[in-house]
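Good morning, colleagues. Please have the sequence and the coordinates open while I speak.

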Amino acid sequence: MASVKRKELKEAREDLRRIVDTCRTVEIKGLDPYLVDVDDLIKTIRDYFPLWNDTEDLCLDTEALNSIASVVRMQGEWVKRRATALYRDPFLIEEKIRGLPIDRMAEIFLRVWRPIIELEQLTLRGFREALKYWSDLPPLNLRWQKIGYTKTDMGFATREEMVKEGVLSGEPFMAELEKMWLELKDLASKNGRVKYWDFIGSDTYEETVRRAYLASFLITYGYARLQVHFLENDIFILPNEKPLNEGEGELISFPISISFEEWERWREERGA
């Protein structure tokens, strides 16, 4: 008999906890409070009330009643909100629209349609401002002069001029090539080759251009040759043991950009 009563008490407590959880879920998630059958929950609490003797059970009973009271408060607010004049149930509106005949819907649409119209018109004032703007505008040839546009003819630089500008030194040209060839052979003594940019690169962009200019003659005169790895985007320069004679190898043109941006990128990669 005692075991039956304990089982009944256990089930009653679980029911009260379920009531509390249900009411809290409706309140926290903002669900329709009328989904909760308040009368049925009150009847359940009333039926279990004679079983409670412990303070803990009475507290659980009070908590369940308080949760139901919160749901009742939400039901009151729900009715008040829908009783306002401006509230229309979306479901009822949709049903009413579906039930309207096409002529009636077209008539309502025309009544509420407010098309947006934009009007562009050249006024007399706007015409005067435009006339003044174009009248005050300088001729095209004067405007081009202001931005520094000058036409220059293409020409060639002599060796003397390049020496004067500092691109080449005053040493004999072949002596410079021989000196650079020895430098290349020394740098490539370990691996047999040197990265092109590591060979021509210098601390200044002007010196880098000068070395690239001389390197091009090293290759053209057979003192060195290029090795290009297209996939890795690497270019190596390899010294020849002795200058190749004309006709010993196939000569092809291979342009290499020596722009200022390329030089800066090389310096950044070196951590300069």
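This is a predicted model: local features need pLDDT of at least 70, side-chain atom pairs count only at pLDDT 80 or more; totals for chains, interfaces and linings use all residues.

Let me begin with the strands. Strand 3, residues 234–239, pairs in the antiparallel sense with strand 1, residues 194–195, over two bridges. In that pairing, K195 stands opposite F236 of strand 3. Strand 3 also pairs with strand 2, residues 224–229, again in the antiparallel sense, over six bridges. There, L226 stands opposite I237.

I turn next to helix 9. This helix covers residues 173–187, and its 15 residues reach 21 Å from the first C-alpha to the last, close to the 21 Å expected. Which residues of helix 9 are buried? They are F173, E176, L177, M180, W181 and L184. Seen down the helix axis, these buried residues fall within an arc of 135°, so they line one face of helix 9. The face turned away from that buried side carries the exposed residues K179, L182 and D186.

Finally, the salt bridges. A search of the whole structure finds 15 of them. One joins the side chains of K43 and D47, at 3.2 Å from N to O. Both residues lie in helix 2, four residues apart, about one turn of the helix. An α-helix has 3.6 residues a turn, so residues three or four places apart point the same way. K43 is partly exposed, at 47% relative accessible area, and D47 is partly exposed at 45%.

In helix 12, the side chains of R265 and E262 meet in a salt bridge at 3.2 Å, N to O. Lastly, E27, R73 and E77 are linked in a network of salt bridges.

Conventions: Residues are numbered from 1 along each chain as its sequence is written. Side-chain values use heavy atoms; hydrogens and water are left out. Two strands pair if DSSP finds at least two bridges between them. The expected span of a helix is 1.5 Å times one less than its number of residues. Buried means under 20% relative accessible area, exposed over 50%, partly exposed in between (1.4 Å probe, protein chains only). The arc is that of the directions from the helix axis to the C-beta atoms. A salt bridge is a side-chain nitrogen of Lys or Arg within 4 Å of a carboxyl oxygen of Asp or Glu.
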